[in-house]
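Dear colleague,

Please find the structure below, handed over for your use.

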Amino acid sequence: MNDPAVNWMAVPLDHRVENLTTARLERLTRFRNGGTETVGTVVAKTIRPASESPMFAAIPPAHHAQVLEDLHWLDEPDVYRSDLGAQLPHPMRMPTIHDIVTDSPTSITIVMEEVADVTPWDLARYQRTAEALGALGGRWSGEQCAAQFGLHGREIARMFFGKIMNLDLPIQAADDFWNDPQVAEAVDDHHRRDLLRMADAMPRLLERMSVVPDGVCHGDASPDNFREPGDDTIVAIDWSYGHVGPLGSDLGQLLVGRFETGAADADEVESIAATVIDGYCSGLDRSGCEVDRTLVETAWAVHLGIRSVFSALVLDHRPDLTCDERLALLIPRARVARYGIDMALRIDRS
């Protein structure tokens, strides 16, 4: 990074950043000989405390301390500095980290390998990714990964009793929300009723989480955070939320990621869901971890519900969308939310 013979050109990555702790994502192109020779490219991710984000001002002051604790900005560099990357089960790996630079007391830049992604997201790829996540989760017990890698827990109940109860559900309490023509077109006749039923069931489902075994969780296992460069590896990026957590919790983000952005078709929800749970349980088996499938599904349902279902129809943060774009996004989000509601209510009844 400090070679005076190398010149750098920084270009922002074409990636929508919606979290509070990422300040910038840039592609750095390296040149030699006065810019006539291209050496290669890397990705530079600059992170900061959530309090440094312009979006922090929109959070009620009463919740500031909880947000800063939950979005601890040093977690990602700490994961990369740990020995976790060297021990990930094949075919998962982390990107090569070239440097971690402390720019200031409130800014760190992680310079990492730019990983190509050459494989389409078909069911076979969902299967491979879910199996890799299962093998990761089952490789160590919660106590082992906390001791070996310094990972800590993330209490999902805090999000339910905080953001969901105080923001997402109040927004959806008004008739006007459901009378919006686009919302009405995207949901079925019972979505509102059943969303409230799921909210009532969530404290009971959270209590059931106490018996779900813990393991290493990626924490933000959206498809966007996995790359297949064509060398039979799965490169897991963005370890901002890497933690010790319930087995199965990563499946929520893996399922919803491409529906939340509109990249997947609404009719794919059920087939992708069936694929990821089978793949995850196969990965657990491969790692020698014996856990009841119903416990995995409980963790999946709780994390899917709290992190995605309750907020699926709330698009206030996307004023850039046209009417047609908003509806096109609401339809798959509503469909995957319907799946999550049905799963949570089914588990609550069991």
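Strand β6 (residues 107-113) is mostly covered, with 6 of its 7 residues buried. Here, buried means under 20% relative accessible area, exposed means over 50%, and partly exposed lies in between (1.4 Å probe, protein chains only). Helices (H or I, at least four residues) and strands (E, at least two) are DSSP runs, numbered from the N terminus.

Please note that this is a predicted model, in which local features need pLDDT of at least 70 and side-chain atom pairs count only at pLDDT 80 or more, while totals for chains, interfaces and linings use all residues. Residues are numbered from 1 along each chain as its sequence is written, and side-chain values use heavy atoms, with hydrogens and water left out.

Strand β5 (residues 97-104) runs antiparallel to β6 and is joined to it by 6 bridges; two strands pair if DSSP finds at least two bridges between them. The two strands form a hairpin, with 2 residues between them. Isoleucine 97 has methionine 112 of β6 as its bridge partner. Serine 107 has its place in β6 and counts as buried, at 15% relative accessibility. Leaving aside residues up to four places away in sequence, serine 107 touches Thr46, Ile47, Trp73, Val101 and Thr102, where contact means heavy atoms within 4.5 Å.

**The open sheet and its surroundings**

Strands of a sheet pair through backbone hydrogen bonds, either parallel or antiparallel. An open sheet of 3 strands has the order β4-β9-β8, and its pairing is mixed. β4 (92-93) and β8 (226-227) stand at the edges with a single partner strand each, so one side of each is left without a neighbour in the sheet. β8 pairs with strand β9 (residues 234-236) in the antiparallel sense, over 2 bridges. The bridge partner of arginine 227 is valine 235 in β9.

Several backbone features deserve mention. Most residues other than glycine have a negative phi, and most peptide bonds are trans. Aspartate 232 has its place in the loop between β8 and β9; its phi is positive, near 70 degrees. Aspartate 238 lies in the loop between β9 and β10 (243-246), and its phi is also positive, near 55 degrees. Are these two aspartates buried or exposed? Aspartate 232 is exposed, with a relative accessible area of 67%, whereas aspartate 238 is buried, at 14%.

Helix α8 (residues 191-208) has 18 residues, which should span 26 Å at 1.5 Å a residue; its end C-alpha atoms are 24 Å apart, which agrees. The expected span is 1.5 Å times one less than the number of residues in the helix. α8 bends by about 40 degrees at methionine 202, and proline 203 follows within four residues. The bend at a residue is the angle between axes fitted to the seven residues ending there and the seven starting there. Among the buried residues of α8 are His191, Asp194 and Met202. Their cover includes α5 (156-171), α6 (175-179), α11 and α12.

Glycine 288, which follows α10, has a positive phi near 80 degrees.

Glycine 262 is found in the loop between α9 and α10 and is partly exposed, with a relative accessible area of 38%. Not counting residues up to four places away in sequence, glycine 262 touches Leu329 and Pro332.

**The protein as a whole**

The protein has 12 helices and 10 strands. Its radius of gyration is 21 Å, close to the 20 Å that the globule rule gives for 350 residues, so the protein is as compact as a globular protein of that length. The radius is taken over C-alpha atoms, and the globule rule is 2.2 Å times the number of residues to the power 0.38. Of the 350 residues, 51% count as buried. Of the contacts with a separation of 6 or more, 72% come from residues 24 or more positions apart.

With kind regards
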